[in-house]
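Please examine the sequence together with the three-dimensional model shown below. The paragraphs that follow lead through its helices, its surface and its charged pair.

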Amino acid sequence: KKELTTNQKEQVRGFLTPISLTGLSSVLFGSIDIIILGRFVTPEYIGYYQVAFTLVTSALAIISFGAVLFPLFSRMSGKRLERGFKKSLYVTIPISVLAAIATILIAPIIVHIIYGSQYSPAIGILRLLAVILLIDPLIGIFSGYLISRGQTKKVAIAVIFSTFLNIILNYLFVVNLLGYGMYLAVLGAGIATLISRGIYLLILISAEEKNKNLLS
């Protein structure tokens, strides 16, 4: 019922602005490859890519714990927060590795059962994008940890930078590989996405390390 103080309003704005930018960039991040591919390849190849990407994101919904852990991180501080953060990594990394390996091994079965044999070209793309199952769950944990420590600007900078990098890499890979066939151009879009997501994760890890050094 009490009105927020000027300082509290500034804190809210300082939190909401980076979070809003992060959300918008994340949405764009997930659709850049499809948008760029749409200009250069025929619809069936976009369909193969979407099939693989949809299967990977469906698996991510099961193994990504960032959204669940963020409220817990927000209530922790000091050594308790550090212990919780490390435990979440110990649990997430093995699950992510197993999920990625399982996806690579059973990709033909998954595609044929869900979509049918006519989508067989999506198998190779799915195996490539399975690496996202290693990267994205860690992105969720590191970004949740940093946001809970009030490092929202660092997360926003990381996702905005990696989004622009994703645009550039997607265009370069797709255009340069298109001469070797549309399928390779689609794989190029997948590689560009993996590289940009990997760099996003590395920036978050670097920010977490700097934060740790400041606290120690």
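The expected span of a helix is 1.5 Å times one less than its number of residues, where helices are DSSP runs (H or I, at least four residues), strands are DSSP runs (E, at least two), and both are numbered from the N terminus. For helix H3 (residues 43-63), with 21 residues, this gives 30 Å, and its end C-alpha atoms are 30 Å apart, which agrees. The model is a predicted one, in which local features need pLDDT of at least 70 and side-chain atom pairs count only at pLDDT 80 or more, while totals for chains, interfaces and linings use all residues. Residues are numbered from 1 along each chain as its sequence is written, and side-chain values use heavy atoms, with hydrogens and water left out.

The protein has nine helices and zero strands, so that its elements read α-α-α-α-α-α-α-α-α from the N terminus on, as DSSP runs are numbered. Confidence is expressed as pLDDT, the predictor's confidence in each residue, from 0 to 100. Its mean over the protein is 82, and 77% of the residues reach 70 or more. Helix H4 (residues 66-75) has the lowest confidence, at a mean of 59, whereas helix H6 (residues 122-129) has the highest, at 95.

Of the 216 residues in the protein, 41% are buried; buried means under 20% relative accessible area, exposed over 50%, and partly exposed in between (1.4 Å probe, protein chains only). In H3, the buried residues include Ile-46, Tyr-48, Tyr-49, Phe-53 and Ile-63. Contact means heavy atoms within 4.5 Å. Among contacts between residues at least 6 apart in sequence, 80% join residues at least 24 apart.

The accessible surface comes to about 11,700 Å², and carbon and sulfur atoms account for 68% of it; such areas come from the Shrake-Rupley method with a 1.4 Å probe, and for residues only the protein chains shown count as cover. Patches are made of residues with over 30% relative accessible area and no salt bridge, like charges being joined within 9 Å and nonpolar side chains (Val, Leu, Ile, Met, Phe, Trp, Tyr) within 5 Å. One nonpolar patch covers about 870 Å², and its members include Ile-93, Ile-106, Ile-109, Val-131 and Leu-134. Helix H5 (residues 78-114) gives the most to this patch, with eight residues. Ile-109 belongs to helix H5 and is partly exposed, at a relative accessible area of 49%. Val-131 is found in the loop between H6 and H7 and is partly exposed at 31% relative accessibility. Its C-alpha atom is separated by 9.6 Å from that of Gly-198, 67 residues apart along the chain.

Arg-127 lies in helix H6 and counts as partly exposed at 35% relative accessibility. Leaving aside neighbours within four places in sequence, Arg-127 is in contact with Ile-104, Leu-105, Ala-107 and Pro-108. From Arg-127 to Ile-106, 21 residues apart in sequence, the C-alpha to C-alpha distance is 9.1 Å.

Side chains of opposite charge can pair when their charged atoms come close. A salt bridge is a side-chain nitrogen of Lys or Arg within 4 Å of a carboxyl oxygen of Asp or Glu, and a search of the whole structure finds one. It joins the side chains of Asp-136 and Arg-197 (2.5 Å, N to O). Asp-136 lies in helix H7 (residues 132-148) and Arg-197 in helix H9 (residues 182-215), so the pair ties together parts that are 61 residues apart in sequence. Asp-136 is buried, with a relative accessible area of 16%, and Arg-197 counts as buried at 10% relative accessibility.
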